[in-house]
Each structure stands twice: as C-alpha cells, then as structure tokens.
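Please look through the model below with the sequence alongside.

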Amino acid sequence: MARSGWCTDRGRHREANEDACLVIPEQNIYMVADGVGGHNGGEFASHAAVNLAAAYFRKNPIDPAQDAEWLKDHFLTCLRQVNWAIRDLAEKSSKVAGMATTMVLLYIADGNAYVVNIGDSRAYLLRDGVLRQLTEDHTYVNQLVREGTLTSSEAASHPNRNVITRALGGENEVAPDFYQFQVFEKDLLLLCTDGLYNEIPDGALSGIATGREDMQELADSLVKSANECGGKDNITVVCVQIEKGEEEVKA
C-alpha cells in the first residue's frame, strides 16, 4: 500500500498553469504532465494527457499478475494512444495547434515500482535520506551533456535548457523510457515538473522530504519552497510513500 499527496501551482510569474497531475490511488497509478504550446495549448495538452491515460486504464485495467514486459507494453500502448489523440485534437483546432506535453507515470504493485516518462518531468526516489533521480531528461542540453560537449553546470544556464526533444503530441511516434525497480517500506517517490527541480536543488529537496510522513503536507511544502525560491514556472509535485503491506518481491 502507499499514501500520497499532490499539489500544483501556476508559480509567481506565469498567468496560467500548464501543468496537470492525476492520482488514482485505487489503481496505484500517479501521473504528472507539463504542457507546451501557444495560447491555451499547453494547459489543454497536459490535462488531456492525464485524462486520456486515465480513460485508457479504466478501459484496459492493469493486471498486476503479468510480468514486466507485459506491463511495459501496456504503458507504451497507453502513451502511444494518448499521443495520437493529442495530435488529432491539435490538427482539428488552430487554437491548440502545435501543442504537446511531457508525462511521467508511476505504477506500484507487489513490491515493485514502474515508471514511464517522456520529456523532462522527473521521478525521484528518496531512500534512507538519499535522493536519486530515476528518469532521464529528454532535453537538448541533457543530450549535449551525455555526448560530453556540455558540462552539467553549463547546462544549468544554457539558453536552450528548456527545449525538450521528446513529448506527447510532438511526433507521430513516441519513445518513452521505462523503468522497473523494487520498493520498500518508507521509500518516497516524487513525480514533478521542472518548475520544482529548477528552483530547488536536489540536496534541498532531500532535506525537505526526509522524515516526512504526511504526503499532502510534503507536496504543499515543496511547492511553497519552489515559490519562495522564485516560482518562475508552473510547479507540480506528486508524493508517494510506500507503507507496510507492500511485498518485497525481487524485480
């Protein structure tokens, strides 16, 4: 079992909130999305993404008895269908033409966590006071860092640091990343948009989250801290803590 909390805020400088999140505790599914696009496109894209994904899982329930390969195919099929739907909606309305969105999705079952992501919204794991980024940012600058042509410190101030290279709605086909790992009692999983981690360094994130038991208070506190640090972008976070009762099954 897991307890969760979430919070989303437009920040201090944006007129609208183009982030979205959705928590389906009875299915152990958690989602965060960060939309991009002119006019209302980004807001529409992120909300459409989480709602379309939720509809997919209602129609096609996850079978926790299946193995990791089945689950991977299930999640990737979901995001492919969401991608096609967003592109179709964008083609039908000039008001949201070119819209796209990131997404990071978490599912927990039988002592394992499964994360699927596309774009630069992140998943973190806090275990025994150590915070670890689980996902890889699909951004132009991160690609340069991986190629060795840019350092991490240079990437932090690069003028194109917000350019994402993968997104739902961005291309005809999508290439999400898929992760599977064991979870244990007291593990804390954070899903968030860049409005959180661009304002709060990992060390400070760890300090705020360590020892917290109330996930809603933690989510509220993280968003408040991001706003206090500048709040230059929309901020969204979903916090999930593993409770007793989760079986520790080898991945």
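Asparagine 28 is in contact with Leu106, Tyr107 and Ile108, when its neighbours within four places in sequence are left aside; contact means heavy atoms within 4.5 Å. This residue lies in the loop between β2 (19-24) and β3 (29-36). Helices (H or I, at least four residues) and strands (E, at least two) are DSSP runs, numbered from the N terminus. Asparagine 28 counts as buried because its relative accessibility is 18%. The classes are buried for under 20% relative accessible area, exposed for over 50% and partly exposed in between, with a 1.4 Å probe and protein chains only.

The model is predicted: local features need pLDDT of at least 70 and side-chain atom pairs count only at pLDDT 80 or more, while totals for chains, interfaces and linings use all residues. Residues are numbered from 1 along each chain as its sequence is written, and side-chain values use heavy atoms, with hydrogens and water left out.

The backbone of asparagine 28 deserves a look too. Its phi is near 55°, a positive value in a residue other than glycine. Most residues other than glycine have a negative phi. Lysine 186 also has a positive phi, of about 80°, although it is not a glycine. Lysine 186 lies in the loop between β9 (177-182) and β10 (188-192). Is lysine 186 buried or partly exposed? With a relative accessible area of 44%, lysine 186 is partly exposed.

Strand β9 also holds glutamine 182, which counts as partly exposed at 25% relative accessibility. Glutamine 182 and glutamate 171 are 11 residues apart along the chain, and their C-alpha atoms are separated by 32 Å.

Glycine 5 is found in strand β1 (residues 2-9). A relative accessible area of 1% makes glycine 5 buried. Apart from neighbours within four places in sequence, glycine 5 is in contact with Met215, Gln216, Ala219, Val237, Val238 and Cys239. From glycine 5 to methionine 31 there are 26 residues in sequence and 12 Å in space, C-alpha to C-alpha.

Tyrosine 56 has its place in helix α1 (residues 41-59) and is buried, with a relative accessible area of 9%. Not counting residues up to four places away in sequence, tyrosine 56 touches His74, Thr77, Cys78 and Gln81.

Next come the aromatic rings. How many aromatic pairs does a search of the whole structure find? The search finds six, where rings of Phe, Tyr and Trp (its six-membered ring) pair if their centres lie within 6.5 Å. Ring pairs link Tyr56, Phe57, Phe75, Tyr107, Tyr114 and Phe178 into a cluster.

Helix α6 (residues 202-209) and helix α7 (residues 215-228) pack at an angle of about 145°, their axes 10 Å apart. Axes are lines fitted to C-alpha atoms, for helices over the stretch in contact, and angles run from 0 to 180 degrees between N-to-C directions. Leu205, Ile208 and Ala209 in α6 meet Leu218, Ser221, Leu222 and Ser225 in α7.

Conventions
Rings of Phe, Tyr and Trp (its six-membered ring) pair if their centres lie within 6.5 Å; planes under 30 degrees apart count as stacked, over 60 as edge-to-face and the rest as tilted.
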